[in-house]
Amino acid sequence: MLALENPILKALGLKGPLILSPLAGGPSTPELISAVSNAGGLGSLGLAYEAPEQIVQIIQKTRSLTSKPIAVNLFVPAKTPELSADQINLAIEATKKYREELGVPTPKIDPPYALDFDLQFEAMLSQKPEVFSFTFGLLSSDYIQECRKNRIITCGTATTLEEGLQAQESGIDWLVAQGIEAGGHRGIFSSTEEDPGIGLFPLVRSLVHNLKIPVIAAGGIMDGAGIVAVLALGASAAQLGTAFLLCEEAGTSKPYREALVSKNRKTKTTRVFSGRIARGLENRFMKEMETRQILPFPAQNAFTRDIRKRSAELGKSDFLSLWSGQGIELIREMKAGELVAVLFEELKTATYRVS
Ligand SMILES: Cc1cc2nc3c(=O)[nH]c(=O)nc-3n(C[C@H](O)[C@H](O)[C@H](O)COP(=O)(O)O)c2cc1C
């Protein structure tokens, strides 16, 4: 596809139709994002768990490493759930043995369970990234207009055609189509409904067919052939996350890296870490907690944070959220700039035969 025909390449002057997923919770570093942007892709900073001052600092650090376009990603704010005493007691009981094993005290379960979105948004806006992407639903037009005034491209996330139509209606510029194969949190608008579970192929096709805005395909794409496949489906770019988790520049912890290359790795979706559905490598916490009390998002996320943190400090992957997509068998370990170059090379040479 010619650069001029592709709205995403044209808007940002990218070398190829490749976006690095925002990878909140550790892997997302200024070094990783700048390496991808410097190599001609679009690096996305996953800053949903960062306080406003950190957001400013991290973006400035990234800007010092690249003069190329970058994206910043946040989570659409969730309603603060009201928890009953029963829910709280059961949640404490469900995790008691893990806290004993890890030597961490039971934390207080007090709202708010997430950072103030408006302050995060202001911090992002003050740094004017070229692209602002978000997940978990819609943002009201005030936010979209504010971005537009500042020449920031807005990009939402959808997991169904219905969500995609609503997202387009909200006035965003681009849309990520996130298939069930994807690693990390599912972008489903509702945090409580069942997973619609739609695969990337039918999702991209139905969105491209029904929407006017450019669609970016995400979920299980690991190489140039995968990128070519989603371009053939009509996507304007591919967004890859898992493929970059082993890059030297990624902030992926040691036990997480070990799990990503372990034998018998298996991905599953779960709510046990945050209360929202997410795909990751199955581990002990995922298996044992599946039938226990799980608080609604984002309370469960705040409640399990100490367990995950201590698990990482001890070098144990048993209690970590090991986000990974279904493409894990194709993961490669190389520097991020090299991986982008390899992907672009594969993209050039990927062909198919019909007879
Ligand atoms: C470790 C990890 C963290 C993620 N964090 C975010 C995030 O902060 N915001 C977001 O919109 N998507 C996030 N995602 C989902 C990605 O946007 C994207 O849908 C996914 O990486 C695509 O699937 P793949 O990992 O199989 O390439 C994350 C994915 C992973 C693997």
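Is isoleucine 294 buried, exposed or partly exposed, and what is its relative accessibility? At 21% relative accessibility, isoleucine 294 counts as partly exposed, since buried means under 20% relative accessible area, exposed over 50% and partly exposed in between, with a 1.4 Å probe and protein chains only. The structure is a predicted model, in which local features need pLDDT of at least 70 and side-chain atom pairs count only at pLDDT 80 or more, while totals for chains, interfaces and linings use all residues. Residues are numbered from 1 along each chain as its sequence is written, and side-chain values use heavy atoms, with hydrogens and water left out.

We can begin with the whole chain. The protein chain holds 13 helices and 11 strands; these are DSSP runs numbered from the N terminus, helices being H or I of at least four residues and strands E of at least two. Its radius of gyration, taken over C-alpha atoms, is 20 Å, close to the 20 Å that the globule rule gives for 355 residues, so the chain is as compact as a globular protein of that length. The rule itself is 2.2 Å times the number of residues to the power 0.38. Along the principal axes, the C-alpha trace spans about 60 × 45 × 40 Å. Buried residues make up 54% of the 355 residues. Of the contacts (heavy atoms within 4.5 Å) with a separation of 6 or more, 68% come from residues 24 or more positions apart.

Now to the interior. In soluble globular proteins, nonpolar side chains tend to be buried together. A nonpolar core is here a set of buried Ala, Val, Leu, Ile, Met, Phe, Trp, Tyr and Cys residues joined through side-chain atoms within 4.5 Å. The largest has 88 residues, of which Leu32, Met124, Phe132, Ile227, Leu240 and Phe244 touch the most other members. Helix α13 (residues 336-349) gives the most to this core, with six residues. Another core, of 15 residues, lies apart from it and includes Cys155 and Val176.

Alanine 158, in strand β5 (residues 153-158), is buried with a relative accessible area of 0%. Beyond four places in sequence, alanine 158 touches Glu163, Gly164, Leu175, Val176, Ala177, Gln178 and Leu203. Isoleucine 294, by comparison, is found in the loop between α11 (284-289) and α12 (299-313). With residues up to four places away not counted, isoleucine 294 touches Arg271, Val272, Gly275, Met289 and Gln300.
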